[in-house]
Amino acid sequence: MEEQKETLQRIISTLANKIDEIHSFVDMLNQTIKNVQINSSSVISELDDEFDGLYSILDEMRGSMASTIQQEKARKIQALQNQLSQCSKALESSEELLELAAQSLDIKDPVKFSEAARQIKDRVTMASAFRISLKPEVSDSMTHLMVDFTRERHALQTVKFLPVPKAPVIDLAACLVVDNCITVSWRMPEEDSRVDHFVLEYRKTNFDGLARVKDEHSWEVIDYIKATEYTLSGLKFDTKYINVRVQACNKAVAGEYSDPVTLETEAFVFDLDNTSSHLNLKVEDSYVEWEPTGGKGQEKVKGKENKSSGKNTALKSSKSGTSPKRTSIGGKATAKGNRDRFAGESYTVLGNNAIESGQHYWEVRAQKDCKSYSVGVAYKTLGKYDQLGKTNISWCIHVNNWLQNTLAAKHNNKSKTLDIPVPDRLGVYCNFDGGQLTFYNAVSKVPLYTFRIKFTQPLLPAFMIRCGGLSVSTGLQVPSAVKTLQKSENGLSGSTGSLNNIAQ
């Protein structure tokens with residue numbers, strides 16, 4: 001009995017669920033019917049608008065062509081009426097002259113007769129009847145204004161509903177990736193005059209191909225592109241690749257997407273490491289700001305450390321004053337693990353991604369109230385009290401805005417003043433394998449100073465600041481202007497420092 005009840009309850013539950021499903025499906029069907037009615041009314045309205053547009057064009061054309069015919073009719077009638085008027089005058093004059101000539105025949109006096117005959121002869125010679133054309137100036141034909149709409153009628157008879165556009169084909173050979181811009185070029189597989197515009201979608205990824213995991217970046221959309229080429233500019237290349245795809249659209253419908261293509265967009269990316277930065281610095285990803293009271297009241301206990309929870313994890317100011325550890329980021333070479341915070345006069349923060357090979361580029365912009373800052377690179381072994389440019393394992397450009405704007409290159413406690421205006425943005429180019437560190441005016445790409453060094457250890461981007469703030473831009477490709485300068489002279493036209501050395 002109990003088993004039968006349980007079985008019956010399961011059947012009732014299953015049946016109830018099925019009834020709910022059917023009710024939901026019925027609701028969906030009813031909504032679909034409403035949508036069909038609404039959408040049908042909409043497309044019929046659009047159809048009426050299109051035909052009304054055709055009628056309007058035809059009416060306008062008929063009025064214009066009828067006006068042309070009326071003008072031609074008026075022109076011909078006026079020309080014929082002018083001829084008719086001339087003939088009437090000539091006829092009247094000729095009949096008057098004829099009557100006069102007939103009367104002259106009755107003159108008996110030879111002298112008077114001779115005079116009358118001479119006058120009549122002169123008048124006949126000058127008579128308009130002998131000077132007018134007896135051929136109509138215009139014909140009565142109007143066939144030159146007839147029309148033949150056979151071709152147009154045939155075209156109208158072939159009008160059909162808009163077809164779905166075919167998928168475009170991306171021309172990978174014509175695509176270009178340079179200066180953090182991507183130019184995508186495509187074509188239609190066959191000519192389609194009905195295509196109104198294109199939609200370009202792109203998505204960042206770390207895979208050489210289609211996205212493989214659900215949490216990949218979503219597609220970004222660029223709509224209403226009229227040409228078959230588009231340039232995505234101002235991109236941050238913080239992934240290795242980017243997928244792009246295109247679809248064609250006519251006035252009614254969008255076609256299928258093209259086969260996605262994958263373009264390489266790898267660039268040097270790093271954040272500022274707040275786990276070892278000086279306590280007077282407020283660090284957030286790519287921004288660092290000087291805080292004069294940031295480290296006060298916090299006791300520093302040498303030899304104790306506090307582990308960081310990972311990339312970009314904010315420092316929790318420990319009451320015991322312990323220094324946090326630096327952890328590895330995403331498997332990449334990173335700053336030295338377990339290092340102490342910078343202290344004393346070394347108001348320093350490092351990047352969290354090390355350079356071990358290749359060519360890399362990043363930019364730095366200082367706030368207007370920034371009084372003193374340094375931008376450069378250093379080995380991981382930079383000491384907690386070491387200031388940039390004052391050791392043999394760090395190289396930098398130093399900007400001093402306290403009394404006047406000065407720019408200097410620094411290394412190994414040596415300084416070289418540069419007689420160059422301080423740029424709004426500094427660009428840093430590091431060629432690890434080529435042993436070159438060059439600083440640029442990031443706007444004009446004019447080189448400011450070059451260090452020639454044989455690097456023997458991984459490098460970290462390094463920054464030191466006193467008063468104000470710095471913004472760091474990463475994920476940048478080496479600019480084409482910089483590459484051109486490298487090719488033009490195995491070196492740069494800017495200052496090449498006497499501070500160069502073989503780094504130990």
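**Figure 1. Lining of the second largest cavity.** Ile-182, Lys-204, Leu-235, Lys-236, Phe-237, Asp-238, Thr-239, Tyr-241, Ile-242 and Thr-265 line the second largest cavity of this structure, which is a predicted model. The volume of this cavity is about 40 Å³. By class, its lining holds 5 nonpolar, 2 polar and 3 charged residues. The model has 2 cavities of 30 Å³ or more.

**Figure 2. Overview of the fold.** The protein has 4 helices and 25 strands. Its length is 504 residues, of which 36% are buried. Among contacts with a separation of 6 or more, 66% join residues 24 or more positions apart.

**Figure 3. The largest nonpolar core.** This core has 51 residues. Trp-362, Leu-437 and Phe-463 have the most contacts inside it. Strand E23, residues 459-466, gives the most to this core, with 6 residues. In soluble globular proteins, nonpolar side chains tend to be buried together.

**Figure 4. Helix H1 from end to end.** Helix H1 covers residues 2-104, which makes 103 residues. How far apart are its end C-alpha atoms? They are 150 Å apart.

**Figure 5. The buried residues of H1.** Which residues of H1 are buried? They are Glu-72, Lys-76, Ala-79, Gln-83, Ala-90, Leu-97 and Ser-104. The buried residues of H1 pack against helix H2, residues 110-126. An α-helix has 3.6 residues a turn, so residues three or four places apart point the same way.

**Figure 6. Lys-89 on helix H1.** Lys-89 lies in helix H1. Is Lys-89 buried or exposed? Its relative accessibility is 59%, so Lys-89 counts as exposed; the cut-off for exposed is over 50%. Ser-128 is 39 residues from Lys-89 along the chain. The C-alpha atoms of Lys-89 and Ser-128 are separated by 8.2 Å.

**Figure 7. The largest pocket.** The largest pocket holds about 1,100 Å³ of space. It is lined by 24 residues. Closest to its centre are Leu-47, Glu-50, Phe-51, Val-159 and Lys-160. H1 gives the most to this lining, with 11 residues. H1 and helix H3, residues 150-157, each supply at least two lining residues. The lining of the largest pocket divides into 16 nonpolar, 1 polar and 7 charged residues.

**Figure 8. The second largest pocket.** This pocket has a volume of about 800 Å³. Its lining has 32 residues. Which of them are closest to the centre? They are Glu-266, Ala-267, Phe-268, Val-269 and His-360. Two or more lining residues come from each of strand E15 (359-366), strand E20 (425-431) and helix H4 (480-488). By class, the lining of the second largest pocket has 10 nonpolar, 13 polar and 9 charged residues.

**Figure 9. Ser-286 in its loop.** Where is Ser-286 found? Ser-286 sits in the loop between strand E10 (281-284) and strand E11 (287-290). With a relative accessible area of 29%, Ser-286 is partly exposed. Not counting residues up to four places away in sequence, Ser-286 touches Leu-272, Leu-470, Ser-471 and Val-472. Gly-351 is 65 residues from Ser-286 in sequence. Their C-alpha atoms are 9.0 Å apart in space.

Figure 10. Asp-179 is not a glycine, yet its phi is positive, at about 55 degrees. Asp-179 is placed in the loop between strand E2 (176-178) and strand E3 (181-187). Its relative accessible area is 32%, so Asp-179 is partly exposed. Tyr-224 is not a glycine either, and it has a positive phi of about 55 degrees. Tyr-224 is found in strand E5, residues 220-225. Tyr-224 has a relative accessible area of 58% and is therefore exposed.

Conventions:
Residues numbered from 1 in each chain as written. Predicted model: local features only at pLDDT ≥ 70, side-chain atom pairs only at ≥ 80, totals over all residues. Heavy atoms only, no water. Core = buried A, V, L, I, M, F, W, Y, C linked by side-chain atoms within 4.5 Å. Buried < 20%, exposed > 50% of the residue type's maximum accessible area, 1.4 Å probe, protein only. Expected span 1.5 Å × (residues − 1). Contact = heavy atoms within 4.5 Å. 1 Å grid on protein atoms, 1.4 Å probe; cavity = no way out; pocket = protein on both sides within 12 Å on 5 of 7 lines; lining within 4 Å. Points joined across faces, edges and corners; volume = space filled by probe spheres on them. Nonpolar A, V, L, I, M, F, W, Y, C, P; charged D, E, K, R; others polar.
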